[in-house]
Amino acid sequence: MGKRRLEGALQQIDHPIEVTYRCFELDPTMERDVKENIYEKLSKKYGMSIEEAKANTQNMVQMAKEAGLDYQMDTLILTNTFDAHRLAVFAKKHGLMKEMTERILHAYFSESKHIGNHETLAELAEEVGLNREAVVHMLESDEMEKEVRADEQQANEYAISGVPFFLINKKYALNGAQPTEVFVQALEKVIAEDQS
C-alpha cells in the first residue's frame with residue numbers, strides 16, 4: 001500500500017526528481033583495517049552488550065530485507081570509508097555516481113568486501129564501467145579530497161549527525177531509515193506546496 005502511494009506521489013510531480021548523493025563519514029577517525037566486528041564496535045561506542053548490539057542491528061537487517069536487500073552484518077568488514085567516498089565523487093564526474101555508490105553499498109553490506117582497500121575499490125569501479133588505471137591513479141593521489149570535505153562541511157552546516165538522511169527541496173528533512181509512508185507524506189506535502 002505504501003509503495004503504491006509512493007509511486008502515485010512520484011507520478012504527480014511535474015518535473016523529474018533528481019537524487020544527489022552526498023559524502024558523509026560516520027566515523028572519520030576509523031582506521032582502514034579494523035580488528036573489531038560491528039557488534040564489538042557498537043558495544044564499545046554505545047556502552048551496550050554484544051547481544052544488545054546484535055539485536056539493534058537486526059532491526060536494520062529486517063528493514064533491508066523488506067526492501068529486497070540482503071545485509072550480512074555478521075561478516076561486514078568495518079573500515080574507513082573516505083576513499084570509497086572519493087571514488088563515488090570520481091564516478092560522478094563520469095556520470096556513474098549512482099551506479100558506483102550502489103555497487104559500493106552492495107559490496108559492503110551484502111558481500112562483506114573491504115571497501116577501504118584500494119584493490120577492492122578498483123575492481124568495483126571497473127565493474128561499473130570506470131577505467132581501472134584512472135581509478136588507481138586517483139586513489140593514490142589526493143584527488144577528490146576537497147569535494148568529499150565540502151560535502152561533509154555541508155552536512156555539518158545542516159547539523160546532520162547520521163545516515164541515511166534525506167533532504168527534500170532543501171527544506172524537508174527525513175533522518176534515519178523511514179517507512180515508505182513517511183516518504184509518501186513528505187512528497188505529498190511538497191506536491192501540495194508546488195501546486196498552490
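User: What counts as a helix here, and where does His137 lie?

Analyst: Helices are DSSP runs of type H or I with at least four residues, numbered from the N terminus. In this predicted model, His137 lies in helix H7. With a relative accessible area of 51%, His137 is exposed, because the cut-off for exposed is over 50%. The C-alpha atoms of His137 and Ala122 are 9.9 Å apart, and the two residues are separated by 15 positions along the chain.

User: How many residues of H4 are buried?

Analyst: Buried means under 20% relative accessible area. By that criterion H4 is mostly covered, with 10 of its 11 residues buried. Among them are Phe82, His85, Arg86, Leu87 and Phe90. The cover over the buried residues of H4 includes helix H5 (97-109), helix H6 (118-127), helix H7 (132-140) and H8.

User: At what angle do the axes of H4 and H8 cross?

Analyst: Angles of 65 to 115 degrees count as roughly perpendicular. The axes of H4 (residues 82-92) and H8 (residues 145-157) cross at roughly 105° and come within 9 Å, so H4 is roughly perpendicular to H8.

User: Which residues of H4 and H8 meet?

Analyst: In general, an α-helix has 3.6 residues a turn, so residues three or four places apart point the same way. In this case, H4 contributes Phe82, His85, Arg86 and Val89, while H8 contributes Glu145, Glu147, Val148 and Arg149. The residues of this contact comprise 3 nonpolar, 1 polar and 4 charged.

User: Which residues have the most contacts inside the largest nonpolar core?

Analyst: As a general idea, nonpolar side chains in soluble globular proteins tend to be buried together. Here the largest nonpolar core has 38 residues, and those with the most contacts inside it are Met73, Leu87, Met100, Ile115, Leu130 and Val135. Two or more residues each come from helix H2 (38-46), helix H3 (50-66), H4, H5, H6 and H7. H4 gives the most to this core, with 7 residues.

User: Which residues is Leu87 in contact with, leaving aside its neighbours within four places in sequence?

Analyst: Leu87 is in contact with Met100, Ile104, Leu121, Ala125, Leu130, Val135 and Met138 once those neighbours are set aside.

User: How many salt bridges does the structure hold?

Analyst: The criterion is a side-chain nitrogen of Lys or Arg within 4 Å of a carboxyl oxygen of Asp or Glu. The structure holds 13 salt bridges. One of them joins the side chains of Arg22 and Asp151, at 3.3 Å from N to O. Arg22 lies in the loop between helix H1 (2-12) and H2 and Asp151 lies in helix H8, so this pair ties together parts that are 129 residues apart in sequence.

User: Is Asp151 buried or exposed?

Analyst: Asp151 is buried, at 11% relative accessible area.

User: Which residues are linked in a network of salt bridges?

Analyst: Glu25, Arg149 and Glu152 form such a network. Arg149 is also one of the H8 residues that meet H4.

Definitions and conventions:
Residues numbered from 1 in each chain as written. Predicted model: local features only at pLDDT ≥ 70, side-chain atom pairs only at ≥ 80, totals over all residues. Heavy atoms only, no water. Axes fitted to C-alpha atoms, helices over the stretch in contact; angles between N-to-C directions. Parallel < 35°, antiparallel > 145°, perpendicular 65-115°, else oblique. Contact = heavy atoms within 4.5 Å. Nonpolar A, V, L, I, M, F, W, Y, C, P; charged D, E, K, R; others polar. Buried < 20%, exposed > 50% of the residue type's maximum accessible area, 1.4 Å probe, protein only. Core = buried A, V, L, I, M, F, W, Y, C linked by side-chain atoms within 4.5 Å.
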